[in-house]
Structure formats: C-alpha cells, structure tokens
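Hi there,

Here is the structure I promised to pass on. Please have a look at it first, and then read my notes below.

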Amino acid sequence: MPDLIFDPKAPVPPSEKPSNPLSLDSLEAIEIALLVEGIYRRYGYDFREYAPASLLRRIWTIIQAEGVLTISGLQEKVLHNPDCLERFVLGLSVNVTAMYRDPSFYQLFRQKVVPMLRTYPSVNIWLAGCATGEEAYSLAIMLEEEGLYSRCRIYATDINESVLKQAKSGIFPLELMREYTGNYLKAGGTSSFSEYYTANYDHAILRPSLTRNIVFAPHNLVTDSPFNQFHVIWCRNVTIYFNKVLQQRVHKLLYDSLITFGVLGLGSKETIESTPHQNNFEALGSEALYRKVS
Amino acid sequence: MIKLIVIGTSAGGLNALSFLLAALPPDFPVPLAIVQHRSREMSDSLLPLLNQKSRLPVEEVQDKAVIQNSRVYLAPADYHLLVDTDHFALSVDPPVRYSRPSIDVLFETAAYAFQSEVLGVILTGANRDGAQGAQHIKKRGGRILVQDPATAYSAVMPRATLNAVQADWVLPLGEIAPFLVRLAGENKSS
C-alpha cells in the first residue's frame with residue numbers, strides 16, 4: 001500500500017506555497033470539502049465530520065490507487081462511477097483489527113460484565129463498526145466458554161458491506177492464528193484456541209457454530225438511527241476517525257441504545273470523558289468499559 | 001519559532017529518549033510528541049520508564065488530547081499518532097513500513113498542522129521510518145535535527161533521514177537537549 005501523500009520531492013511552484021491543508025482556506029481543504037459534500041449529496045455517505053488529518057491521508061492513498069492526480073480528479077471519478085464510490089468507502093472505513101486486541105479489556109469484561117449478563121434471560125449485544133469481524137468472533141468464543149452464548153444475540157454492524165461479507169465468512173489468514181492464540185490466552189481463554197478453527201491451506205476457518213448468534217448487518221453510525229436496546233455495546237477504535245462534534249453525536253446514539261445498567265466498551269485510548277453523557281456512566285476498572293447508571 | 005517537536009526512534013531509542021528527556025528542564029515550554037517503535041512486550045514498561053527519567057510529565061496520548069506546552073506525548077502501542085490542528089488523533093490504519101505507530105505518519109501530519117513551526121528529530125534506529133516524514137516537514141518549511149549517526153546505537157535511521165533531506169542540524173546525543181533549550185529560548189525572545 002502506498003504510504004506517501006504527496007511526492008515530497010516534487011518542486012513547489014512559488015504561487016502554490018504549501019499552506020496548511022487542515023486549515024479551511026487552503027486549496028486541499030476546499031477540495032476535500034467539495035468531495036465529501038458531493039458524495040453525501042449523491043450517495044448519502046457522510047464523511048463531512050471525519051477527523052481531518054486521517055481523512056486527508058486516506059484520501060491521498062485512494063487517489064494513488066485510483067490513478068488520479070488531485071482530490072478534484074477523484075471527485076469527478078467518484079461522482080460518476082458508483083464502483084469507485086464503493087472503493088472509496090472501503091478505503092475510508094477499513095479498520096485493521098485483531099482477535100482479542102487488548103487482552104486485558106477482554107479479561108475485565110469476563111470478570112466484571114459476564115456475571116451481570118448472567119442475570120438476564122436474553123442478552124442483546126451491538127458491535128458498532130465491527131470491520132472484518134475479529135471482535136465479534138472473539139466475543140462469541142468468550143461467551144461460549146462462559147456458557148452464555150446460547151442466550152446472546154450479537155449484532156455486528158459496519159458502514160461497509162464488503163467487510164461484512166468477509167466477516168460473515170469467518171475465514172482468517174492462518175498466519176495470524178499464532179498471534180491470536182497468545183492474545184486468547186492472555187485474555188483468559190479457558191480452552192485451547194485451536195479448537196475453534198480448522199486449518200485449510202493458508203486459511204483458518206472458524207467453527208461455523210460460532211456464527212449462529214451473530215447478525216452481520218450494515219449500519220451507518222453517522223446517518224442511521226438507533227435500532228434496538230442493548231445490554232452491551234462495543235464501539236472500539238471507530239470514533240477516533242471522527243471529529244469532536246461527530247463523536248459527541250455518536251456517543252448520544254450509543255447512550256440512547258443502551259439499557260440502564262448496560263455496558264459500553266471503547267478502544268483503549270478512548271474515554272467517555274468530555275462526551276455529553278460522561279456523568280451517566282461509571283468506569284468498571286482500568287479498561288475502557290463503562291456502565292450506564294442513569 | 002518552534003511550536004511542536006516531533007521525535008522518532010526505534011532500536012536503542014529507550015536509552016536515547018531517557019538521556020534526552022532527563023536533560024530537559026521541567027519548564028521546557030515546547031510540547032514534544034514521540035514515536036518509539038516497540039515490541040508488545042516492551043509496550044507497558046515504556047511509559048513508566050520514561051516518566052522516571054523525564055522531568056517533564058510524559059503521557060500516552062488519548063484520542064483528541066489537546067496539545068499543551070511543557071508536556072511529552074508518547075504514541076500508544078499499536079496506534080498511529082496524528083496531529084490534527086491543535087490536538088492529537090489516533091488511527092488503527094494499516095502499519096506503514098511495517099510500523100504502527102509510524103514516524104512518517106506523525107511527521108507528515110505534524111507538518112500539515114504546524115507547517116514551518118515544527119521541528120522533527122530523528123534518533124537512533126534500525127530502519128528507514130521517518131525519512132519520508134522528514135521530507136514532508138522540510139517541504140513545508142519546518143526543520144530537521146538528526147542524531148549524529150556516529151553516536152547512535154543504530155545508525156540506519158539517522159543515515160536514512162540524512163540521505164533523504166538536507167538536515168538543519170546533526171548533533172551527538174549529548175548536545176541535543178541543550179540545543180533544544182537554546183532553540184526554545186529563541187521562541188521567547190522572538
């Protein structure tokens with residue numbers, strides 16, 4: 001994957017002294033604003049409140065992959081070509097995750113949240129921004145080991161339908177399984193991780209029974225409404241791509257979708273401090289797990 | 001006028017950073033943001049080790065943390081650290097040149113946000129991360145300081161950056177902190 005945003009060696013014409021592309025009046029900022037506005041009006045995908053630095057990097061990566069030269073060039077291509085839009089959405093929404101990323105988060109969930117879930121006859125869980133499904137399967141395995149999985153339903157959603165397809169397949173590169181096995185053990189796994197998949201050439205195929213209570217479905221956190229009430233919501237390393245205004249709106253959506261005493265899980269470097277509902281939650285420990293108390 | 005110092009290092013970086021941070025006074029005004037490549041095993045111990053040595057407070061960046069003077073910000077393990085106008089942002093985009101956090105990503109976004117008011121510092125390291133980021137900083141009028149490869153635990157990273165850009169300064173490790181103090185002093189008088 002190209003990692004260069006501009007060719008830094010290219011000479012800068014004097015009339016085009018580089019200005020801060022994050023400031024509103026720069027040429028790039030104008031082009032990006034027009035691009036995301038156009039995409040919103042043409043297709044309904046709303047990237048207008050994404051955090052500027054990562055948006056800019058990702059857009060330039062897409063520009064190189066699409067073989068166009070400028071942000072405006074990408075705008076023309078994406079507005080006239082729905083296939084290009086699909087690739088654009090993919091490029092802006094692929095989050096690279098891992099099974100049992102942050103094992104201590106899973107450990108705390110097992111210790112503090114699983115006992116609470118035992119008190120409910122049925123449990124609704126929402127993984128918002130599930131990407132390729134690694135977290136959904138990690139959670140399913142944990143719930144299976146705790147004897148809770150049969151009464152759980154995991155709604156794993158993402159803006160991007162092609163990652164959902166991949167998630168549904170339950171197939172992961174075999175080479176990652178060694179790392180995942182380590183994470184699984186650190187996360188407090190009680191069995192042997194290799195029991196949960198079969199190796200086929202260079203792929204690991206997860207046990208089909210793990211998918212039985214997972215619903216993979218498209219949902220857009222930016223433009224869609226709450227769709228259920230949940231006992232648990234995980235939204236990990238998803239809103240880091242949003243600006244502060246959009247983060248606040250999404251946090252309201254998450255709050256509204258949680259039952260009282262429901263649990264919110266965030267990425268390890270995210271916090272509910274400075275969100276509109278910070279006083280409605282209590283922390284469950286040193287990981288980013290919070291219980292809605294009011 | 002330097003408003004942000006970004007530092008990148010990999011192999012040998014813990015010692016170099018400890019040495020550098022210990023030599024900066026507690027009232028050193030300019031914020032420092034650091035990417036140190038590290039193994040997962042090392043990831044939990046780095047912050048307390050640096051805090052032990054540093055007289056400035058060192059913290060791992062939380063998403064959207066506002067950049068404040070007289071503080072040291074460390075990229076968290078397994079996240080890219082980006083500069084977004086007056087605050088930091090994190091991403092879990094794919095590793096760049098096998099690295100997450102990536103020095104190139106920090107330097108490049110720091111160059112966007114702070115333009116000519118950013119100083120990039122490359123210390124010891126065994127790969128080429130940071131060289132492209134240094135080009136971005138130079139292109140936007142910022143400055144680059146490279147640890148003298150002869151004094152580096154691993155000279156690969158300083159050499160790669162020196163090959164990629166015309167560095168403004170090349171200094172042995174021991175002279176970097178006093179130099180930064182002088183540079184920050186010029187901020188005040190200008």
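Let me begin in chain B, where B:I7 has B:I34 in β2(B) as its bridge partner. A word on the source: this is a predicted model, in which local features need pLDDT of at least 70 and side-chain atom pairs count only at pLDDT 80 or more, while totals for chains, interfaces and linings use all residues. Residues are numbered from 1 along each chain as its sequence is written, and chains are lettered from A and ligands numbered from 1 in the order in which they are written.

The bridge between B:I7 and B:I34 belongs to a parallel pairing of strand β1 (residues 4-9) of chain B with β2(B), which runs over five bridges. Strands here are DSSP runs of E with at least two residues, helices are runs of H or I with at least four, and both are numbered from the N terminus. Two strands pair if DSSP finds at least two bridges between them.

Strand β2 (residues 32-36) of chain B is mostly covered, with five of its five residues buried. (Buried means 20 or more other C-beta atoms within 10 Å of the residue's own, exposed means 12 or fewer, and partly exposed is in between; C-beta atoms are placed from the backbone.) B:L32, B:I34 and B:Q36 point one way from the strand, and B:A33 and B:V35 point the other way. In a regular strand the side chains alternate between the two faces of the sheet.

Staying with chain B, helix α3 (residues 103-114) and helix α4 (residues 131-139) pack at an angle of about 10°, with their axes 7 Å apart. That makes α3(B) roughly parallel to α4(B), a label for angles under 35 degrees; over 145 is roughly antiparallel, 65 to 115 roughly perpendicular and the rest oblique. The axes are lines fitted to C-alpha atoms, for helices over the stretch in contact, and angles run from 0 to 180 degrees between N-to-C directions. Among the residues that meet are B:L106 and B:F107 in α3(B) and B:H136 and B:I137 in α4(B); contact means that C-beta atoms, placed from the backbone, lie within 7 Å.

For contrast, take B:Q166, in the loop between α5 (156-164) and β9 (169-171) of chain B. B:Q166 counts as exposed because it has 8 C-beta neighbours inside 10 Å.

Now to chain A. Three of its strands form an open sheet in the order β3-β5-β4, with antiparallel pairing. β3 (171-173) and β4 (197-200) of chain A stand at the edges with a single partner strand each, so one side of each is left without a neighbour in the sheet. β3(A) pairs with strand β5 (residues 203-206) of chain A over three bridges, and A:F172 has A:A204 in β5(A) as its bridge partner.

A:S93 lies in helix α4 (residues 82-93) of chain A and is buried, with 21 other C-beta atoms within 10 Å. A:S93 and A:D158 are 65 residues apart in sequence but 8.7 Å apart in space, C-alpha to C-alpha.

Finally, how do the chains meet? The contact takes 25 residues from chain A and 29 residues from chain B. Helix α2 (residues 52-66) of chain A gives the largest share of chain A's side, three residues. The predictor gives the complex an ipTM of 0.92 and a pTM of 0.91.

Best wishes

How values were computed:
Contact = placed C-beta atoms within 7 Å.
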